[in-house]
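Hello,

Here is the structure I promised to pass on. Have a look at it first, and my notes follow below.

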Amino acid sequence: MATVVARLLVLLVASACVAGCSGASSTTSTTTTTFPKRFCAAATSYENELNREASRDKRDLAKQLPIVAQLAGGAPPQVRADAQTFLRALQQVTRDPKLRDNAAVKTAVDNVNRYASNKCGFFTQQGPSSGF
């Protein structure tokens with residue numbers, strides 16, 4: 001199970017870097033006025049949880065699940081299906097370890113992360129967090 005979460009974390013960080021680099025040349029940001037507040041609040045909470053877990057080198061699926069549920073519940077239409085896929089995968093991975101290598105799940109996580117990175121202003125925020 002730790003391997004699954006670790007892989008998802010790697011996917012999230014890698015996607016955040018790709019998404020952030022692709023928008024790095026922009027001098028103005030509309031994320032401060034157009035971001036989906038509920039989704040971004042959950043994305044920020046998830047980012048903070050992942051950072052906390054990484055600092056302790058311990059993955060805690062039980063703490064991640066309710067945050068991802070909030071994220072999925074507040075997901076805008078553009079990423080709602082992907083957020084639901086991400087949530088279902090986290091809920092089922094202990095019973096179905098094959099999900100850790102599922103291409104559809106990886107794509108869904110990438111899509112959610114990319115959307116959060118682009119719309120929630122993670123790369124323009126000040127503070128210790130730098131990505132989803």
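At roughly what angle do the axes of helix H3 and helix H6 cross? The axes of H3 (residues 37-56) and H6 (residues 103-119) cross at roughly 110 degrees and come within 10 Å; axes here are lines fitted to C-alpha atoms over the stretch in contact, with angles from 0 to 180 degrees between N-to-C directions. The two helices are therefore roughly perpendicular, a label used for 65 to 115 degrees. On the H3 side the contact (heavy atoms within 4.5 Å) is made by Phe39, Cys40 and Ala43, and on the H6 side by Val112, Tyr115, Ala116 and Lys119. These residues divide into six nonpolar, no polar and one charged, with Ala, Val, Phe, Tyr and Cys among those counted as nonpolar and Lys among the charged.

A caution before the rest: this is a predicted model, where local features need pLDDT of at least 70 and side-chain atom pairs 80 or more, while totals for chains, interfaces and linings use all residues. Residues are numbered from 1 along each chain as its sequence is written, and side-chain values use heavy atoms, leaving out hydrogens and water.

Now more on H6. Its buried residues (under 20% relative accessible area, 1.4 Å probe, protein chains only) include Val112, Tyr115 and Ala116. At its start, a side-chain oxygen of Asn102 lies within 2.8 Å of the backbone nitrogen of Ala104. After H6 comes Gly121, with a positive phi near 70 degrees.

Overall, the protein chain has six helices and zero strands, helices being DSSP runs (H or I) of at least four residues and strands (E) of at least two, numbered from the N terminus. Of its 132 residues, 40% count as buried.

Best wishes

Notes
Angles under 35 degrees count as roughly parallel, over 145 as roughly antiparallel, 65 to 115 as roughly perpendicular and the rest as oblique. Buried means under 20% relative accessible area, exposed over 50%, partly exposed in between (1.4 Å probe, protein chains only). A polar contact is a pair of N or O atoms within 3.5 Å; within protein, one must be able to donate a hydrogen and the other to accept it, and residues adjacent in sequence count only if both atoms are side-chain atoms.
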